[in-house]
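Please find below some notes on this model, arranged as numbered points.

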Amino acid sequence: MWLHLSVKDRRLSVVRGHRVIHEIPHFAIGINGAVDLRTRGSAMTPKGEFRVERINPNSRFATFIGINYPNPRVADQALARGLITPEVAQRIHRHYRQYRLSYPDTSLGGHIGIHGLGNRDPFLNQRVDWTEGCLAVENDQVRLLHSLVEIDTPVLIQ
């Protein structure tokens, strides 16, 4: 099982092997769009390969399905582009090795995930990108998604 999120089409697909078993036809992204490497405060959604690292079914956004941004691959890319220092890259690698969790306390930011709307208007979610970098779907959609994924489920955002 894995998740494919197409930023261009705004379609979230739950895939088993190569077969789509569920689709969510729309999601909102960060206010400023999506990029390969986001930085803290950019309000951009990161693109790339991730994994589900935590799930909070009692989030203020209904359910929060956190992904591992930044992960070691992201750290290596950011280091190569001069966005972080070797020390910060090592800290991200070390933290991930020790805890299997992203290290959000760097200039790359973190706490990225797929979540519901909480009390936001679904009508607006269909028309406006409003998150700080997460991907937002309707509350009932994220609850269903929670029933289909688990920790370590691969997530591809492209």
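1. D129 is partly exposed, with a relative accessible area of 25%, where buried means under 20%, exposed over 50% and partly exposed in between (1.4 Å probe, protein chains only). Its side chain meets that of R10 in a salt bridge at 2.7 Å, N to O, the term standing for a side-chain nitrogen of Lys or Arg within 4 Å of a carboxyl oxygen of Asp or Glu. This pair links distant parts of the chain, 119 residues apart, with R10 in the loop between β1 (2–6) and β2 (11–16) and D129 in the loop between α3 and β9 (135–136). R10, for its part, is buried, with a relative accessible area of 18%.

2. This is a predicted model, in which local features need pLDDT of at least 70 and side-chain atom pairs count only at pLDDT 80 or more, while totals for chains, interfaces and linings use all residues. Residues are numbered from 1 along each chain as its sequence is written, and side-chain values use heavy atoms, with hydrogens and water left out.

3. The count of salt bridges comes to four. Among them is the pair of R11 and E23, whose closest N and O atoms are 3.2 Å apart; because R11 lies in strand β2 and E23 in strand β3 (residues 19–24), this pair ties together parts that are 12 residues apart in sequence. Strands (E, at least two residues) and helices (H or I, at least four) are DSSP runs, numbered from the N terminus. R11 is partly exposed at 33% relative accessible area, and E23 is partly exposed at 36%.

4. The side chains of R54 and E53 also meet in a salt bridge, at 2.6 Å, N to O. Here R54 is partly exposed, with a relative accessible area of 26%, whereas E53 is buried, at 10%.

5. F123 has its place in helix α3 (residues 122–125) and is partly exposed, with a relative accessible area of 47%.

6. L37, found in the loop between β4 (34–35) and β5 (45–46), is buried, with a relative accessible area of 9%. L37 and L79 are 42 residues apart in sequence and 11 Å apart in space, C-alpha to C-alpha.
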